Amino acid sequence: MATRFSELEHAWMRRALRLARRGAGWVEPNPQVGCVLVRGGQVMAEGYHRRFGGAHAEVEALRRAGRRAAGATAYVTLEPCCHQGKTPPCTDALIAAGVARVVAACVDPFPQVAGGGLRTLRRAGISTAVGLLADEARELIAPFLTRVLQNRPYVLLKWAQSADGKIATHTGDSKWISGAESRRLVHQLRARMDAVMVGSETVLRDDPQLTARKVRVRRVATRVIIDSRLRTPLSAKLVRGARRTPTLVLTTRASAASARRGRLEELGVDIEVCRERGGHVDLRDALARLHARGMTNVLVEGGGTLIGRMVDARLADEAYVFTAPLVIGGDDAASGCRGAGAATIAGAWHAIEVTHRVLGGRDALMKLRLTQPPLESPQRARKKKTR
């Protein structure tokens, strides 16, 4: 029988979720987690996971509560951990503090937890409940769930276009389609990413830096270039800055044998060989390699061909589409999402959720959520279907 939660309990869990969001960009590859301790209808203390390797949300809240934690209920956005990682198990801290009840928004799918945290608490005589604002909690930690359950990073697409869907003129000019406020938001996105990815065409055409500038940097993103033919120029800004900011080129085996590889590596560029698919870097393999490097969030900034291939392969989770109030026109002007595309409207990739904003009184930002937070691994889902 499902647990029924009061309006006050909903409010306390929402408070925990708001706290958890403060950890974005600091805690990855861990999930964002918040905790609120309540006793006698009063909030005793609260906490959130502030940085990777630091105290978890429950421990921070318990430290602030001190002796007031005894007999309290902990409202936590994710099942408490029960294993030794960078820090000791949160279940040990909750038990030692004398907490009477733990309400978790959702179960942690990490193999070393996966329900074990709640079982440990129950064995110690602590009452538990799970499922309060579960959908909101899973949406918050969707990047963590994607990394743990699908073995790939969470992928965000971004492009700026004119009102008629062009990302450049027929001559290739694209600076600047979007306004200053839109560009600032992109820098804020970069500042919490593990990687910012572009295709080699974008490097050749735009010579970007792909760094976060004039914003608070929460983590330094690796600049990733998908370059099947290893065409990245030695003079590119990404190459010249490779010793200051990590830069990775993902290429194919045939191209990696060229002399250019050695010259790029001498300049500080990291080269990794991926499987090939249809003459291009296999994007699933590329994401798997970024996952193996511990990456959680990847921002794909273009160009249109790379974004189109991501869409064709259904490998994106969100899209940020900035539309500027101008019309470019021209049959040869590039669009933001190319590739094979859908044959029918029914077969198009329909967003699950859409939000709209106007930035700087100029650009319209449409943010699309394209996937649901995963509940289980693809392997487990296939096993269910074959039973």
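The legends below describe close-up views of a predicted model.

**View 1. The nine-stranded sheet.** An open sheet of mixed pairing is built from 9 strands, in the order β10-β9-β8-β7-β13-β6-β14-β16-β15. The edges are taken by β10 (270-274) and β15 (353-359); each has a single partner strand, so one side of each has no neighbour in the sheet. From one strand to the next, the twist averages 20 degrees. Within this sheet, β6 (residues 154-161) pairs with β14 (residues 318-323) in the parallel sense, over 6 bridges. W159 has V321 of β14 as its bridge partner.

View 2. Strand β6 pairs with β14 in the parallel sense. Helix α12 (residues 283-292) packs on the sheet and touches β6, β7 (195-199), β8 (222-226), β9 (247-252), β10 and β13 (297-302). The direction of α12 makes about 135 degrees with that of β10. The buried residues of α12 include L283, D285, A286, L287 and L290. An α-helix has 3.6 residues a turn, so residues three or four places apart point the same way. At the start of α12, a side-chain oxygen of D282 comes to within 2.9 Å of the backbone nitrogen of R284. After α12 comes G294, with a positive phi near 85 degrees.

View 3. Strands β1 (residues 34-39) and β2 run antiparallel and are joined by 6 bridges. The bridge partner of V36 in β2 is E46.

View 4. Two packed helices are described by the angle between their axes and the distance between the axes. The axes of α2 (residues 57-65) and α3 (residues 90-97) come within 9 Å and cross at roughly 25 degrees. Helices α2 and α3 are therefore roughly parallel to each other, and their crossing is left-handed. Helix α2 contributes E58, V59 and L62 to the contact, and α3 contributes C90, A93, L94 and A97.

The axes of α3 and α4 come within 10 Å and cross at roughly 25 degrees. These two helices, α3 and α4, therefore count as roughly parallel; their crossing is right-handed. On the α3 side the contact is made by T91, L94 and I95, and on the α4 side by G117, T120 and L121.

**View 5. Surroundings of T371.** T371 sits in the loop between β16 (363-369) and α14 (378-386). Its side chain makes a polar contact with the side chain of D317, at 2.8 Å. With neighbours within four places in sequence left aside, T371 is in contact with A316, D317, W349 and I352.

**View 6. Two cis peptide bonds.** Most residues other than glycine have a negative phi, and most peptide bonds are trans. The bond from E28 to P29 is cis, with omega near 15 degrees. P29 is placed in the loop between α1 (7-21) and β1. A cis peptide bond also joins G302 and G303, where omega is about 5 degrees. G303 is in the loop between β13 and α13 (304-312).

View 7. A114, a residue other than glycine, has a positive phi near 45 degrees. A114 lies in the loop between β4 and α4, and its relative accessibility of 39% makes it partly exposed. R314 likewise has a positive phi, near 55 degrees, in a residue other than glycine. R314 is located in the loop between α13 and β14. With a relative accessible area of 36%, R314 is partly exposed.

Terms used: Residues are numbered from 1 along each chain as its sequence is written. This is a predicted model: local features need pLDDT of at least 70, side-chain atom pairs count only at pLDDT 80 or more; totals for chains, interfaces and linings use all residues. Side-chain values use heavy atoms; hydrogens and water are left out. Two strands pair if DSSP finds at least two bridges between them. Helices (H or I, at least four residues) and strands (E, at least two) are DSSP runs, numbered from the N terminus. Axes are lines fitted to C-alpha atoms, for helices over the stretch in contact, and angles run from 0 to 180 degrees between N-to-C directions. Contact means heavy atoms within 4.5 Å. Buried means under 20% relative accessible area, exposed over 50%, partly exposed in between (1.4 Å probe, protein chains only). A polar contact is a pair of N or O atoms within 3.5 Å; within protein, one must be able to donate a hydrogen and the other to accept it, and residues adjacent in sequence count only if both atoms are side-chain atoms. Angles under 35 degrees count as roughly parallel, over 145 as roughly antiparallel, 65 to 115 as roughly perpendicular and the rest as oblique. A crossing is left-handed if the near helix is turned anticlockwise from the far one by less than a right angle, and right-handed if clockwise.
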